[in-house]
Amino acid sequence: WDVVISSTRATEIDGVAVVQSLRERRLETPVVLLTDGSDEVANLESIAAGAEDVLKREDLYRLPYVVGRILQHQQIRQDQAAMLRTGRLRIHRGRGFGVRRALAAVLIALTAALMGFSLWYGQSGHARAEIQLQQQVGESASAVAILVEQMLGDAASLQGIADRPELQPDIVALARPRGREIHILDAGGRLVAASTSNGLGTLLKSGSADELNATLRDGEPRAFALRTGGDPPLIYWYCVPIQAKSGQILGAVLVNYSTERVELERATRAQIRAARLAAGTVIAAVVLSLALVALLYLILPIERLRDAAARLSTGSLDLEVPQGPGEIGDIGVGLDTLRKRLKKSVLARQSDMVQRLRAEEALRQVHLRLRSQIDATQSRAREFTLLAEMGALLQACATREESYRIISRFAGELFAGFRGTVYLNGATRDLFEPVAQWGTAADLPAPIASDECWALRRGQVHAVLARSRELRCEHIDAQENAGTLCVPLMAQASSIGVLCMRELTPGAQPEEAA
């Protein structure tokens, strides 16, 4: 069932037993109990047992409202259970990769990729430039070799080639524009001609001689570098064979292009620096763009959703849940819908509780008024009883002294909290002597004159509140702070005495005693 409505005390079934039976069976079906009485203890026991609400039968007009509120609560619980089952609402704390870590990983990977690309681009550019430089040097060396071969004609050796006057200018013309050194060597590794006249007739060093011998054997052009141990640390050579018309290898042309190679390395390093700078600029721009996008569309909406979830967990249902873009916005809409339902349910519950509290307060006030009326009635009945008993005893008195003692006794019970004295006419009409007292010392006070009491002067009750500045009777101490009351005793329109009372503790109201 959606809702079970039962009675707390039916003839055949007990509503609380219904609630307990459902809970024992682990059923969350809500129960509304109806009651005929106003026993709050029983109602609290029913709520403690698990009832959703307890209604009096005279309040049945609230039953549809209560059932509607309960059904709303049930719907919210079902929605939450469905979201948990389908995985649409999962909150993980202290575990998982995390949005910030994912963004950091993406940025690090992007940075590494761009830096690797810049390094690869620089290296590949350097390799291409080096290949192009070797091709140019090879073309220059081949041109020198062709020139020498043309000058040799049918000769079978390079002897006398250095004596050709046109050879040196041609070699210098090919070497000087690019800062190269061109050497022509015979098959024995002896220098026979060069772009500079230094070292003619000398043999090559072992490293260059090895590469020269390899070229002389196979006839293949080759580029090589020799480590010098000085500055520059490497010398770059390019070797091309010189062949006779018969195909015999007579020697070789060696081209030293170290200067161009150093310039190439410098240009390559500058290109790599430029590529890295460009990559760094791109990386910075991409990182800033991604950070801005993540901040605006991911991090800030998630932070706002987390704050909203924290507020909801503390019971704050007034602030709306922010709604971000995309899937985050869908989550915000779902949370805000849940917040509105919870708020509506809470407001309904609060309204119901307010009505219940108001009804309880009204019932309490009625109870207090009834209790006050009962107490007042009991007090009046007690006073009437005391007065009737005192009257019966006074009628049985034989002397005035007996009547005075009876008055002292019963007045002390009738006027509890006050001390008082009864004054009656004495020998003269204007003098009133004390005849009875209670709540004070055994000795009677002094007589008073008629003009010393405002009640005797006016012929009506004269009351003065505690610490009041109103006129006090002269027979009362001027420093007296307690409330006082003087009541004239009248007989046949004339005063025969006066009843004077003072409160024992300040705060009692003497006019109420009157």
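Helices, of at least four residues, and strands, of at least two, are taken here as DSSP runs numbered from the N terminus. On that basis the chain, which is a predicted model, contains 11 helices and 14 strands. Of its 514 residues, 32% count as buried, and the accessible surface comes to about 31400 Å², with 55% of that belonging to carbon and sulfur atoms. Among contacts with a separation of 6 or more, 49% are made by residues 24 or more positions apart.

Two aromatic pairs are present in the structure, and their geometry is set out below.

| Pair | Distance of ring centres | Angle of planes | Class |
|---|---|---|---|
| Tyr236 and Tyr257 | 6.0 Å | 40° | tilted |
| Phe415 and Trp438 | 6.1 Å | 25° | stacked |

In the stacked pair, Phe415 is found in the loop between α9 (400-414) and β9 (418-425) and Trp438 in strand β10 (residues 431-438), so that the pair ties together parts 23 residues apart in sequence. Trp438 has a relative accessible area of 6% and is therefore buried.

A further aromatic residue is approached by a charged side chain: Arg457 lies over the face of Trp454, at 4.7 Å from the ring centre.

Note on methods
Residues are numbered from 1 along each chain as its sequence is written. This is a predicted model: local features need pLDDT of at least 70, side-chain atom pairs count only at pLDDT 80 or more; totals for chains, interfaces and linings use all residues. Side-chain values use heavy atoms; hydrogens and water are left out. Buried means under 20% relative accessible area, exposed over 50%, partly exposed in between (1.4 Å probe, protein chains only). Contact means heavy atoms within 4.5 Å. Accessible areas come from the Shrake-Rupley method with a 1.4 Å probe; for residues, only the protein chains shown count as cover. Rings of Phe, Tyr and Trp (its six-membered ring) pair if their centres lie within 6.5 Å; planes under 30 degrees apart count as stacked, over 60 as edge-to-face and the rest as tilted. A charge sits over a ring if NZ of Lys or CZ of Arg is within 6 Å of the ring centre and within 35 degrees of the ring normal.
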